[in-house]
Amino acid sequence: MPLPAQRKIGLALGGGAARGWAHIGVLEAMDQLRVPVHAVAGTSMGALVGGFFAAGRLPALTALALQLDWKQALHFFLEPAWPRAGLVDGKKIVNFVRKHVAITAIEALDLPFSAVATDLLTGREVVLARGDLIEAIRASIAIPGMFTPVPCADALLADGGLVNPLPISVVRAMGMDAVIAVDLNLHPLAGERGPAAPPAVAQPETLRWQPSGHWAPPTLVQKVIAQLARLDQKRRAAVRQWTNYRRQPTIFDIIGHSIRIMEAQITEMRLQLEPPDILIRPDLGQIGFMEFHRATAAMQAGYDAAMAQRDALLKLAGG
């Protein structure tokens, strides 16, 4: 009697800006549990992490994430030219991806991969499953107002979170039998308190990253404010008025909160229509939109959330 074919498991990685580092922690846990992944689809930061994972280059991205401090994170978001269609042109991120990912054709990746983007001209969802990997990632992460959109044929592509923040439907369409989805927007706004911690779960081995101390660096926004405050004396009054963080939110806060609120609402509605087999929702309420330097905390949250579903993951992998 022939052995039954292995169940194909797909991974749907949602968007969430700096919270996206949690995907790396989830993948670490799945690797330790020997849960196979046969395809991956990602939106926004999920596309970035998923693309590196599908290319077999996740360690390079992990190394970058863990070494980022606020200054290094800021490097990717401050560019000499400020384009009309967005604050950031994305060239530095594109150059980083090209430097570390040798395979640039999606069809040549180790795993089937899809990145989700939105056509700003029509409002339709665009699934990028062929062609240039770097351009697909760049389009998927193009947060409106933050990154400039990406022209593609007759479309103008931006963040896929506008239409499909958690691409479960895309993974199903890739022919997978089961879907593991990772949602990063359980608590849309930074500072929200999460639910009580689940019971401790025995872990097969120790994480490869550990907090090096109890000191937490200031938020990225606070550091930007500090840098701006060092401008010459004539500009300081205007800068102080614009950057008074306590009196009103900055443009980064407004963009981030708006996107998160929208994505959380869309995700909840789509989960009702297309639930995954396993839903992993890390508690990331304490991590802000632009706090890319907090990779250790985000990864740990992702790892813990995956390990909290250890039994379900093992059952899915063995079924």
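Helices and strands here are DSSP runs, with helices (H or I) needing at least four residues and strands (E) at least two, numbered from the N terminus. The two strands, E4 and E5 (residues 125-128), run antiparallel and are joined by 4 bridges; for two strands to pair, DSSP has to find at least two bridges between them. The hairpin of E4 and E5 has 5 residues between the strands, and in it glycine 123 takes a positive phi near 80 degrees.

Before going further, a word on what you are looking at. This is a predicted model, in which local features need pLDDT of at least 70 and side-chain atom pairs count only at pLDDT 80 or more, while totals for chains, interfaces and linings use all residues. Residues are numbered from 1 along each chain as its sequence is written, and side-chain values use heavy atoms, with hydrogens and water left out.

With E2, the pairing is parallel and runs over 4 bridges; here valine 40 stands opposite phenylalanine 113 of E4.

So how enclosed is E4? All of E4 (residues 113-119) is buried, 7 of the 7 residues, so the strand is largely enclosed by the rest of the structure. "Buried" means under 20% relative accessible area, "exposed" means over 50%, and "partly exposed" is in between, using a 1.4 Å probe and protein chains only. Phe113, Ala115, Ala117 and Asp119 point one way from E4, Ser114, Val116 and Thr118 point the other way, and all are buried.

A search of the whole structure turns up 1 aromatic pair. The rings of tryptophan 21 and phenylalanine 292 have their centres 6.3 Å apart and their planes at 80 degrees, so the pair is edge-to-face. For reference, rings of Phe, Tyr and Trp (its six-membered ring) pair if their centres lie within 6.5 Å, and planes under 30 degrees apart count as stacked, over 60 as edge-to-face and the rest as tilted. Tryptophan 21 sits in the loop between strand E1 (9-13) and helix H1 (22-32), and phenylalanine 292 in the loop between strand E10 (278-280) and helix H11 (295-307), so the pair ties together parts that are 271 residues apart in sequence. Both tryptophan 21 and phenylalanine 292 are buried.

Follow the chain into H1 and you meet a helix packing. H1 and helix H2 (residues 45-54) pack at an angle of about 40 degrees, with their axes 9 Å apart. That makes H1 oblique to H2. On the residue level, His23, Ile24 and Leu27 in H1 meet Met45, Gly46, Val49 and Phe53 in H2, where contact means heavy atoms within 4.5 Å.

Arginine 34 lies in the loop between H1 and strand E2 (39-43), and it has a positive phi of about 60 degrees although it is not a glycine. At 72% relative accessibility, arginine 34 counts as exposed. Serine 44 lies in the loop between E2 and H2, and it too has a positive phi of about 60 degrees without being a glycine. At 4% relative accessibility, however, serine 44 counts as buried.

As for the helix terms, axes are lines fitted to C-alpha atoms, for helices over the stretch in contact, and angles run from 0 to 180 degrees between N-to-C directions. Angles under 35 degrees count as roughly parallel, over 145 as roughly antiparallel, 65 to 115 as roughly perpendicular and the rest as oblique.

Stepping back, the protein has 12 helices and 10 strands, and 50% of its 319 residues count as buried.
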